[in-house]
Amino acid sequence: PSFSAASEPEDPDGTNECLVCMDDYKNSESFALPCGHRYCALCWQNYLEVKVDEGMGWIYTFFLSFFF
């Protein structure tokens, strides 16, 4: 599933960069949090699997900012 904070619908064939692996993926092959941060499906799946294995009761997302 893909959710976006953008007011306009996203082009499913458009691309975005995963904030974990830094690879480019089609919007249709990635996951966006309501804040707009986007991750490829594999990185998001790995994150969720690790958190489930850790026995986390809640899945936390963080606001990642990069300053250059």
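Author: Buried means under 20% relative accessible area, exposed means over 50%, and partly exposed lies in between, with a 1.4 Å probe and protein chains only. This is a predicted model, in which local features need pLDDT of at least 70 and side-chain atom pairs count only at pLDDT 80 or more, while totals for chains, interfaces and linings use all residues. Residues are numbered from 1 along each chain as its sequence is written, and side-chain values use heavy atoms, with hydrogens and water left out.

Reader: Is F31 buried or exposed?

Author: F31 has a relative accessible area of 14%, so it is buried. F31 belongs to strand 3; strands (E, at least two residues) and helices (H or I, at least four) are DSSP runs, numbered from the N terminus. Its C-alpha atom is separated by 9.0 Å from that of C18, 13 residues apart along the chain.

Reader: Which residues make up the largest nonpolar core?

Author: That core has 7 residues: C18, F31, L33, Y39, C40, C43 and W44. A nonpolar core is a set of buried Ala, Val, Leu, Ile, Met, Phe, Trp, Tyr and Cys residues joined through side-chain atoms within 4.5 Å. Strand 4 and helix 1 each supply at least two residues of this core.

Reader: And the overall pattern along the sequence?

Author: The chain reads β-β-β-β-α, with 4 strands and 1 helix. Of its 68 residues, 21% count as buried.

Reader: Let us turn to the helix. What should helix 1 span?

Author: Helix 1 covers residues 41–53, and at 1.5 Å a residue its 13 residues should span 18 Å; the end C-alpha atoms are 18 Å apart, which agrees. The expected span is 1.5 Å times one less than the number of residues.

Reader: Which of its residues are buried?

Author: They are C43, W44 and K51.

Reader: What does the face turned away from the buried side carry?

Author: That face of helix 1 carries the exposed residues L42, V52 and D53. Helix 1 is followed by G55, whose phi is positive, near 80°.

Reader: Which residue other than glycine has a positive phi?

Author: M22 is one, with phi near 65°. Most residues other than glycine have a negative phi. M22 sits in the loop between strand 1 (15–17) and strand 2 (24–26), and its relative accessibility of 44% makes it partly exposed.

Reader: Where is H37 found?

Author: H37 is in the loop between strand 3 and strand 4. Its relative accessible area is 10%, so H37 is buried. H37 and E17 are 20 residues apart in sequence and 9.5 Å apart in space, C-alpha to C-alpha.
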